[in-house]
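Please open the model in your viewer and keep the sequence panel beside it.

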Amino acid sequence: LRLITHPSPNCGPRRGGATPDLLVIHYTAMQSAEAAAKTLCNPENEVSAHYLISEGGDVLSLVPEEQRAWHAGAGAWGQVTDVNSRSIGIELANSGFAPFTAAQMDSLTELLSDIRSRWQIPPERVIGHSDMAPGRKIDPGVRFDWRRLALEGHAVWPDSRDEAEISDNDFGALMRRFGYTATDDPELLLKTLRLRFRPRHEGPRDATDVAIITDLARRFPVDDSAPSA
């Protein structure tokens with residue numbers, strides 16, 4: 001893994017002595033890695049991440065992992081509401097419309113392996129920006145290959161397609177149990193679930209949506225895998 005140190009001033013200590021137990025994946029929504037690096041390292045912007053991966057697979061180290069980078073903003077995952085203090089943020093140079101490059105994904109999986117081994121972060125705690133900030137953020141977006149990450153052990157993917165009938169109340173409870181605690185709006189929850197696990201699927205909630213969240217909530221209840229804080 002080719003690491004290039006490119007320090008950003010936009011960081012500080014993690015609050016309350018927290019250590020990272022989440023990984024949050026973003027895209028930059030900019031035209032190049034160079035432009036993104038300038039933005040993430042400009043003190044006037046008050047935004048940063050721990051790492052930025054270029055289209056060619058170079059990995060820029062912007063903020064030390066022990067520090068709190070300013071990447072997540074408002075949101076939640078399970079019981080965690082100060083996501084910046086509990087996470088490591090990885091930005092992928094991508095406009096939001098282009099495919100992620102093979103070199104970029106290869107570097108991401110190698111970086112995830114390194115970080116997860118250092119901090120003992122389980123695969124179910126590797127999430128997208130859209131997961132912890134539904135409605136406010138959509139990255140890493142519909143083109144991001146979550147299934148590949150799961151096959152390589154760095155994320156989770158549903159494997160059950162058993163149809164189930166649940167009520168709206170059950171759907172919200174299952175979403176919260178998996179980690180989606182930032183909203184209780186059923187429509188927004190459904191949209192956010194599909195963004196990650198059924199990209200581009202539209203229409204009313206169906207049996208596949210229900211099967212997906214039933215399986216994920218059963219196997220990966222969010223706060224069961226979180227260290228006590």
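**First stop: helix α3**

Begin by selecting the buried residues of α3, which are Q104, M105, S107, L108, T109, L111, L112, I115 and R116; buried means under 20% relative accessible area, exposed means over 50%, and partly exposed lies in between, with a 1.4 Å probe and protein chains only. This is a predicted model, in which local features need pLDDT of at least 70 and side-chain atom pairs count only at pLDDT 80 or more, while totals for chains, interfaces and linings use all residues. Residues are numbered from 1 along each chain as its sequence is written, and side-chain values use heavy atoms, with hydrogens and water left out.

Helices (H or I, at least four residues) and strands (E, at least two) are DSSP runs, numbered from the N terminus. If you now show the surroundings of α3, its buried residues pack against β3 (22–27), β4 (51–53), β5 (59–61), β7 (87–92), β8 (126–128) and α5 (146–151), where contact means heavy atoms within 4.5 Å.

Next, select the whole helix, residues 102–119: its 18 residues should span 26 Å at 1.5 Å a residue, and its end C-alpha atoms are 26 Å apart, which agrees. The expected span is 1.5 Å times one less than the number of residues.

**Second stop: two cysteines**

Select C11 and C41, whose sulfur atoms are 10.0 Å apart, too far for a bond. The structure holds zero disulfides, a disulfide being a pair of cysteine sulfur atoms within 2.5 Å. C11 is partly exposed at 24% relative accessible area, whereas C41 counts as buried at 16%.

The whole structure has 15 salt bridges, each a side-chain nitrogen of Lys or Arg within 4 Å of a carboxyl oxygen of Asp or Glu. Select D21 and R86, whose side chains meet in one of them at 2.4 Å, N to O. D21 lies in the loop between β2 (11–13) and β3, and R86 in helix α2 (residues 83–86), so the pair ties together parts that are 65 residues apart in sequence. Both D21 and R86 are buried.

Finally, select D215, which forms a salt bridge with R218 at 2.9 Å between the closest N and O atoms and another with R219 at 2.8 Å. D215 and R218 both lie in helix α8 (residues 207–219), three residues apart. D215 is buried at 1% relative accessible area, while R218 is exposed at 57%.
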